[in-house]
Amino acid sequence: MLLKNKIGGEKLFSIWWLFIITIVGTGMVWGVSMFYSAEIDVRNVEAEILMDRISDCLFEQGMLINNLLENDFDIFQECKLNKKVIESDFYFNVSILDESGNVIKEIEEGVLTNTCNSKDTEGCVSKERGIIYELKNEIKKGRLEILTASNQVGEEIFLLK
Amino acid sequence: MVMNFLLRNKKVRSKFLQCFPNGKKGSDMLFPPLMFIILNIVFFGILLLFVVKASTGALVYEQVYAKQVALLIDEAKSEMQILVDFEEGVEVAEKNKKKNNLISLDKEENKVIVNLGSKGGYAYKYFSDYEVNVYDDVDNNLIIINVGDKVWPGVSRPGDFDKEVSEEEFDKSIGGSNCEVYSELISKYAKEYDVNPILVLAVMMQESGCNRLEDNGADVGLMQINLESHCGSKGLSSDKQGECREQLKDSRTNIRVGAEILNSYSKTFSVGVKESSTYKNNEKFRKIVDNCIEKYPHYGNYILSEAILRAYNGWGCGPGINTNYVEEVNKKYASLREEVSNVA
């Protein structure tokens, strides 16, 4: 507008140029902000670690620990898990089945959210393995099924200054 | 060739000549395209700068480190120490003029909190129920994670000096002893400097037997603060034999300085003397330590609280130095802990 060469000026500095540059700028700022403020998703890794933690602590020398089948078995204490955190942000289900597939014991803790309504979806891990356990002084074979999930979302902390 | 073709073609020629109106100077003709190019460069430059800033900003690193540390804690087993490379985090924090408390734990909520200079930081939970301590060693660009059992079986191994001691436990440990009179002060300054109060008490028993008038000429008061090393810092006068000595005879000042020293050594020596910044950067100190490790190899094995205690008594090993200081404090600490369980 202030330029002396009207023809060239109108062609180069048109309203369209401003429009395009605004669209491009806004798009890039929005896209980059969205990308870098997005959560880095580690829920799957967390669920796997929880799975390893549980399956490690339930066994001793390859056999299921004896007190697991007792009523007062405290999985939180045995596996060093924080009850408050598990109940708010995690989920696990441990099922012990006998040879014919009947559930002998089931431990379920935490909340299963919509993100984990089927096995092996995002944030969920499942595992199955054969086990040997002792029941009423008898060594038996069975199966252990574990499903773990993480629903955790981190939080940005804002301090009021 | 091209110019010839352009000028021969009438339509093209007239269009071409429109770009060079009669009477316009060359500079006038060049100005619009030049401005156009410059403005475009400036615009895309600003965008590029924004992208770079966003990708290296504190918030991204805060989230990465908080999650990394939380996952490592979840995976760790008792009696483990984990060192995490924190170089990039320290760089980001320095850019944001933040120098300390870059990483901390909210033990009530089991949260790792990383703050590298954004408004408040980023928090992520860990599910492990071990006793965990995390702190940053900015000098060595490290995050140090110590994992131990909440109820420890003995005190012969490092990591046993759990920082979390309840007031009730502390009262039980000090009750009935001649140190009881200092209970409030120990509790106050242990809390202020994030040190285990029973550890402060054990050091005090070892150093002075809780006698505030203990003075061997070089070390003064309850915590036997060394005049040579500490006068002139930690709020103490630099007049070693005069005002500083007098200040240290005051129980309040003495315990405060003792707790502050333990806290400061925990930041420097927890990783073990050979990994400490002092060892790496101070040749004179390195020679002394190397010489002592040669004579007393157990000096080199101290990490965590044992290394802090060794530092408290000095890393030297010459005549008059108690080379079993750590083990002796360990014993005192163990009996104090035993007191807690007996009373319970």
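1. **Ground rules.** This is a predicted model, in which local features need pLDDT of at least 70 and side-chain atom pairs count only at pLDDT 80 or more, while totals for chains, interfaces and linings use all residues. Residues are numbered from 1 along each chain as its sequence is written, and chains are lettered from A and ligands numbered from 1 in the order in which they are written.

2. **Chain A overview.** Chain A has five helices and seven strands. Helices (H or I, at least four residues) and strands (E, at least two) are DSSP runs, numbered from the N terminus. Along the sequence the pattern reads α-α-α-β-β-α-α-β-β-β-β-β. Of the 161 residues of chain A, 24% count as buried. Buried here means that 20 or more other C-beta atoms lie within 10 Å of the residue's own; exposed means 12 or fewer, and partly exposed lies in between, with C-beta atoms placed from the backbone. Among contacts in chain A with a separation of 6 or more, 61% join residues 24 or more positions apart. A contact needs C-beta atoms, placed from the backbone, within 7 Å.

3. **Strands of chain A.** S6(A) (residues 138-150) is joined to S3(A) (residues 90-98) by nine bridges, and the two run antiparallel. A:Val94 has A:Ile146 as its bridge partner. S5(A) (residues 124-135) is also antiparallel to S6(A), with twelve bridges. There A:Ile131 stands opposite A:Gly142. Two strands pair if DSSP finds at least two bridges between them. The hairpin of S5(A) and S6(A) has two residues between the strands, and A:Lys136 takes a positive phi near 50°.

4. **Chain B overview.** Chain B has 16 helices and eight strands. Of its 344 residues, 38% count as buried. Residues 24 or more positions apart supply 62% of the contacts in chain B with a separation of 6 or more.

5. **The sheet in chain B.** Three strands form an open sheet in the order S1-S6-S5, with antiparallel pairing. S1(B) (80-85) and S5(B) (131-137) are the edge strands, each pairing on one side only. The twist averages 15° from one strand to the next. Seven bridges link S5(B) to S6(B) (residues 142-148) in the antiparallel sense. B:Glu131 stands opposite B:Gly148. H4(B) packs on this sheet, touching S1, S5 and S6 of chain B, and its direction makes about 25° with that of S6(B). Axes are lines fitted to C-alpha atoms, for helices over the stretch in contact, and angles run from 0 to 180 degrees between N-to-C directions.

6. **Two helices worth a look in chain B.** H7(B) (residues 183-192) and H11(B) (residues 251-269) pack at about 35°, with axes 9 Å apart. The crossing is right-handed. For handedness, the near helix is turned from the far one by less than a right angle: anticlockwise is left-handed, clockwise right-handed. Residues that meet include B:Leu185, B:Ile186 and B:Tyr189 in H7(B), and B:Ile255 and B:Ala259 in H11(B).

7. **A covered helix.** How many residues of H15(B) are buried? Ten of ten, in a helix spanning residues 304-313. Among them are B:Glu306 and B:Arg310. B:Gly314 follows H15(B) and has a positive phi near 100°.

8. **Where the chains touch.** The contact takes 38 residues from chain B and 37 residues from chain A. On chain B, H3 (26-55), H4 (58-75) and S4 (122-125) each supply at least two residues. H3(B) gives the largest share, twelve residues. The chain B side divides into 22 nonpolar, eight polar and eight charged residues. Nonpolar covers Ala, Val, Leu, Ile, Met, Phe, Trp, Tyr, Cys and Pro; charged covers Asp, Glu, Lys and Arg; the others, Gly among them, are polar.

9. The axes of H3(A) (residues 43-57) and H4(B) come within 9 Å and cross at roughly 15°. The two are therefore roughly parallel, a label for angles under 35 degrees; over 145 is roughly antiparallel, 65 to 115 roughly perpendicular and the rest oblique. Their crossing is left-handed. A:Val45, A:Glu46 and A:Ile49 meet B:Leu71, B:Asp74 and B:Glu75. Strands also pair between chains: two bridges join S7(A) (residues 155-156) to S4(B), running antiparallel. A:Glu156 stands opposite B:Tyr122.

Methods. Two residues are in contact if their C-beta atoms, placed from the backbone, lie within 7 Å.
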